[in-house]
Amino acid sequence: MQSSKHIYYLLASSTALTLALTACGDGDNGASADDGDDTGSGSGRQIELSVATFNEFGYEELLKEYEADNPGIKVTHVKADTADNARAALRNSLGANSGASDIEGMEVDWVVEFKQYPDKFADLADPEVEGRWFDWKTEAVTLEDGKLMGYGTDIGPEAICYRADLFEAAGLPTDREEVAELLEGSWENYFEVGKDFVANSDAAWYDSAGALWQGMINQIDYAYEDADGNIVAASNPEVRAIYDQVLQASVEDELSAGLALWSPDYTASFQKDEFATMLCPGWMLGIIEGNAAGVEGWDVANVFPGGGGVWGGSYLTVPAQGDNIEEATKLAKWLTAPEQQVKAFEAKGTFPSQLEALDSDVLLESTNAFFNDAPTGQIFVDRAEAVKAQPVKGPRYFDINTALQDAITRVDVDQTDDPESSWAKFVSAVEALG
Amino acid sequence: MTVGATTTAPPATTAGPLPAPASPKRERRGRRSGVDVRFSPYLYIAPFFVLFAVTGLFPLLYTGWVALHDWDQIMGQGEFVGLDNFVAVLTGSAFWRAFTNTVSIFVLSSVPQIAAALLIATALDRNLRAKTLWRMGVLLPYVVAPVAVALIFSNLFADRFGLINALLETVGLEPVRWHSDRFASHVAIATMVNFRWTGYNALILLAAMQAVPRDLYEQAAIDGANAWRQFWAITVPMLRPTIIFVIITSTIGGLQIFDEPRMFDQYGRGGADQQWQTLTIYLYELGWTRSDFGMASAVAWLLFLIIVGFGIVNYLITRRIATAEGKKS
């Protein structure tokens with residue numbers, strides 16, 4: 001009995017301590033709330049907003065800041081682990097007409113399919129935000145009647161990340177300026193350098209044919225669906241041409257490490273000398289750093305074959321089913337303002353899509369210690385400016401691209417098919433989509 | 001013993017005074033009790049049927065209704081298309097590939113699982129030291145969340161840097177292409193299923209074994225039957241109803257297998273070439289990735305019919321074994 005009493009005492013006192021500590025935390029927030037100008041309703045009415053994101057948007061601190069500046073507003077953050085799961089959850093709540101968060105994050109690859117359901121989303125068009133983003137970022141979510149479906153958060157301008165130590169061992173230049181010069185130009189050039197590299201190294205040139213595919217397909221304006229929305233994936237000669245090119249380089253020329261993106265093998269391979277280069281959108285830096293912890297030699301070159309390219313990037317949307325559309329829009333507008341997006345960049349490396357943010361000193365001066373102190377801020381600003389347009393993605397983009405990634409995986413990773421038979425399966429998969 | 005003593009107390013109190021024969025005054029009440037007698041049993045069992053109608057029958061029928069339409073996940077009901085969805089599903093190769101995978105994984109998991117469960121249960125039925133520890137131990141895999149199991153196993157079964165392939169390579173064997181080879185992927189998934197369910201089934205069988213009268217074993221031992229003979233001549237026949245139960249439940253579970261194949265790779269769609277896409281994964285892909293609820297519902301109905309079919313076949317086979325064995329003894 002004595003001992004159990006003792007435990008209760010301990011429990012009680014630790015709970016009290018926790019409460020006291022949280023109370024202190026609240027006090028701090030309260031103090032900072034006072035010096036912010038009160039734009040919130042402040043009438044004592046508590047408004048609860050929920051923000052659904054996936055992966056890392058870098059919003060944790062920002063949401064706390066917003067709560068502090070706007071008394072009466074409470075924000076909950078719903079985080080999905082992957083974009084695919086976020087997409088499935090959102091589709092579900094739109095179908096059920098309930099359950100969506102007040103603000104829903106969307107990935108560029110599937111934001112377009114939701115343009116089919118314009119009534120499900122609030123119109124975010126507002127003179128105040130005009131010109132805030134890259135034109136192509138906004139165009140992708142603007143409907144024909146001028147309705148704006150989402151506010152841009154981040155973009156994924158691509159550079160090339162490389163292993164300087166493996167480059168050196170294979171007799172290639174290691175300095176990031178020289179590497180940029182070496183890889184400047186077309187994809188053919190990138191593959192040619194790769195052939196030189198693999199001839200002098202045990203490592204492959206790049207991680208995965210699937211990753212290369214993402215880089216190359218994102219440079220084609222109308223890849224799978226034409227301007228009228230007809231599915232042309234199987235008949236578009238451009239698609240077939242890069243399909244052949246990627247697989248020729250990956251399988252015939254053995255430039256690919258043959259890893260399936262995001263698989264356990266892929267993650268584990270960063271700890272070994274499996275490949276020397278990667279297509280590298282801004283958000284990839286964090287992934288490389290995490291997976292390759294302890295590996296030295298990573299660097300990033302200010303170059304991308306075939307001109308600029310973007311991979312990934314997201315939007316915030318406001319589903320029409322929410323109870324507080326006005327307040328949600330306000331929060332979305334605030335979150336996607338340049339100042340906040342720079343903070344998100346500092347937190348998680350998500351590269352801002354706001355033009356004004358590109359002039360931010362914080363952004364321009366940021367370097368990355370893991371990548372040999374590369375001036376990543378400046379590099380990605382340059383990479384973003386090299387992007388002339390974002391490819392037009394139709395409502396079926398996500399499904400077709402998934403089928404094409406499967407086709408590439410069958411040849412590059414699984415080796416269950418050759419390029420020809422795998423293409424045939426892709427064609428019938430696209431037909432089945434209808 | 002004291003418990004037994006209390007139950008021997010006279011039961012008279014429970015009966016109470018017997019009701020007097022119906023007097024004219026009570027006629028109306030009698031009629032009411034007639035109604036009562038006739039309908040109240042239905043009322044007593046009603047909760048089950050109401051619940052079943054709401055959570056079982058209605059969704060089943062409504063799914064059938066959805067299957068007859070073009071039905072988008074977000075836009076809802078579209079045109080009535082009759083059996084078009086069924087035709088599209090049945091004429092596509094994806095459905096049959098998923099069906100084959102499902103049956104293959106089901107056979108690879110259920111058969112070894114029940115055999116192993118039977119053996120484990122027999123072992124646990126002995127007088128072991130630290131009995132409870134062992135019994136709880138076999139249930140442990142069942143308690144672990146399937147997602148966690150799948151994560152651990154996907155590292156074990158990784159193609160290139162997985163633990164199993166590393167072991168195979170150290171003893172000089174060829175690594176197995178767990179994700180590329182269709183059959184190997186089925187074996188890997190079946191292993192996850194077995195890991196999770198064998199202990200559970202073993203405990204059910206163990207519970208039944210405990211009910212087998214011990215004197216049967218004593219007699220058999222006196223007659224000179226060894227442990228193996230006792231197992232086949234006493235344990236298995238006495239467990240028959242339980243074994244049938246375990247087989248039927250694992251059939252239903254096995255044909256609906258979802259968690260393990262979904263977690264087997266990072267995308268959860270059953271492989272680039274549908275190597276391990278089961279029917280439920282196919283259904284999920286149709287409904288939630290492609291947004292085609294009509295087709296997904298058609299697959300759901302077909303899956304339902306398949307399970308009923310398998311259930312009937314299983315029942316007939318096990319009943320036949322039961323009667324054949326029964327005649328023999």
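**Close-up views of chains A and B**

**View 1. The interface of chain A and chain B.** In this predicted model, 38 residues of chain A are in contact (heavy atoms within 4.5 Å) with 26 residues of chain B.

View 2. The rule finds 3 salt bridges between chain A and chain B (a side-chain nitrogen of Lys or Arg within 4 Å of a carboxyl oxygen of Asp or Glu). Lys425(A) forms a salt bridge with Asp273(B); their closest N and O atoms are 2.9 Å apart. Helices α3 (83-96), α11 (264-269), α17 (397-414) and α18 (419-433) of chain A each supply at least two residues of the side that touches chain B. The largest share, 8 residues, comes from α17(A). Helices here are DSSP runs of H or I, at least four residues; strands are runs of E, at least two; both are numbered from the N terminus.

**View 3. Strand β7 of chain A.** Strand β4 (residues 150-163) runs antiparallel to β7(A), joined by 4 bridges. Cys161(A) has Val300(A) as its bridge partner. Both faces of β7 (residues 298-301) are covered.

Residues are numbered from 1 along each chain as its sequence is written, and chains are lettered from A in the order written. Local features need pLDDT of at least 70, side-chain atom pairs count only at pLDDT 80 or more, totals for chains, interfaces and linings use all residues, and side-chain values use heavy atoms, without hydrogens and water.

Key:
Buried < 20%, exposed > 50% of the residue type's maximum accessible area, 1.4 Å probe, protein only. Pairing = 2+ DSSP bridges.
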